[in-house]
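This report is for a reader who is seeing the structure for the first time. It goes through the sheet, the helices and the confidence of the model in turn.

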Amino acid sequence: MPSILHINASPRYGSSDSLGLARHFIDSVQSAAPETFELETLNLFDDDALPAFGRVAASAKMAVFTGQEQTPEQMAAWEAARSVFDQFAAADAYVFNIPMWNSGIPYALKQWIDIVTQPGWSSVSTRSMGTPVSWKGSWRWPSTPAVSTPQGSRQCSVPTSAARILPIG
Ligand SMILES: Cc1cc2nc3c(=O)[nH]c(=O)nc-3n(C[C@H](O)[C@H](O)[C@H](O)COP(=O)(O)O)c2cc1C
């Protein structure tokens, strides 16, 4: 059964416009698809949704870069990051809902990117993006399509340049 990993980068849950749009999009894909998708949602702002990627994890990463052996503490941090990556790598397709925060992305999504982007695991490309993944409530790009949702007509933004993260291998 194909699987979709839905990454919710809004902490506003029931009030979130981008989450409403993502759910509408996923429902539309499900109803148009010839078979049922397995759907998993990662709410990035849930407590304990993500392990920290700080002093220990960063030093674990640098140990990999420099060919050093990781300490037990670093290995534990590395395994915690790996479990987040494994969830990402296991999915066949991804849906992200990403509110604009101060002309960028919410910090929890950047944390997720910093966790899954590791040597030999995945790489980040800023050249192109395969699927429209974000919508901005009060901010619109010119010539973007309107999308009809249960909450009414929404302007859907498709950034021309966005990060694409690809599992390696
Ligand atoms: C911390 C924060 C920063 C924001 N920064 C911007 C911004 O820079 N530009 C903008 O147009 N809207 C900004 N907004 C508004 C949100 O992008 C908008 O309300 C969006 O609908 C939020 O998505 P959500 O409803 O899925 O949570 C910001 C909202 C918050 C909470």
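## The sheet and its strands

Asn8 stands opposite Asn97, a residue of strand E3. The model is predicted, and this pair belongs to the parallel pairing of E1 with E3, which runs over five bridges.

E1 covers residues 3-8 and also pairs with E2, again in the parallel sense, here over six bridges. Within this pairing, Ile4 has Leu39 of E2 as its bridge partner, and His6 stands opposite Thr41 of E2.

Together the three strands form an open sheet, in the order E2-E1-E3, with parallel pairing. Which strands stand at the edges? They are E2 (38-43) and E3 (93-97); each has a single partner strand, so one side of each is left without a neighbour in the sheet. From one strand to the next, the twist averages 20°.

As a general point, strands of a sheet pair through backbone hydrogen bonds, in either a parallel or an antiparallel way.

## A helix on the sheet

Helix H1, residues 17-32, packs on the sheet and touches E1, E2 and E3. The direction of H1 makes about 155° with that of E3. H1 is also part of a right-handed β-α-β unit, made with E1 and E2.

## Helix H3 and its partners

H3 (residues 72-90) packs with H2 (residues 55-66) and with H4 (residues 107-116). The table sets out the two pairs.

| Helix pair | Crossing angle | Axes |
|---|---|---|
| H2 and H3 | roughly 95° | within 8 Å |
| H3 and H4 | about 95° | 8 Å apart |

The angle between H2 and H3 is roughly 95°, and the two helices are therefore roughly perpendicular to each other. On the H2 side the contact is made by Val56, Ala57, Ser59, Ala60 and Ala63, and on the H3 side by Glu73, Gln74, Ala77, Trp78 and Ala81. By class, these are seven nonpolar, two polar and one charged residues.

For H3 and H4, the angle is about 95°, which makes H3 roughly perpendicular to H4 as well. What residues make this contact? H3 gives Ala81, Val84, Phe85 and Phe88, while H4 gives Trp112, Ile115 and Val116. The contact of H3 with H4 has seven nonpolar residues, with no polar and no charged ones. Ala81 of H3 takes part in the contact with H2 and in the contact with H4.

## Confidence

Over the protein, pLDDT averages 81, and 73% of the residues score at least 70. Where does pLDDT stay under 50? This is the case over residues 128-163, for which the model has 52 contacts beyond four places in sequence. Where pLDDT is low, the predicted coordinates should not be read in detail.

Notes: Residues are numbered from 1 along each chain as its sequence is written. This is a predicted model: local features need pLDDT of at least 70, side-chain atom pairs count only at pLDDT 80 or more; totals for chains, interfaces and linings use all residues. Axes are lines fitted to C-alpha atoms, for helices over the stretch in contact, and angles run from 0 to 180 degrees between N-to-C directions. Helices (H or I, at least four residues) and strands (E, at least two) are DSSP runs, numbered from the N terminus. Angles under 35 degrees count as roughly parallel, over 145 as roughly antiparallel, 65 to 115 as roughly perpendicular and the rest as oblique. Two residues are in contact if their C-beta atoms, placed from the backbone, lie within 7 Å. Ala, Val, Leu, Ile, Met, Phe, Trp, Tyr, Cys and Pro count as nonpolar, Asp, Glu, Lys and Arg as charged, and the others, Gly among them, as polar. Two strands pair if DSSP finds at least two bridges between them. pLDDT is the predictor's confidence in each residue, from 0 to 100. A crossover is right-handed if, with the strands pointing away from the viewer, the path from the first strand over the helix to the second runs clockwise.
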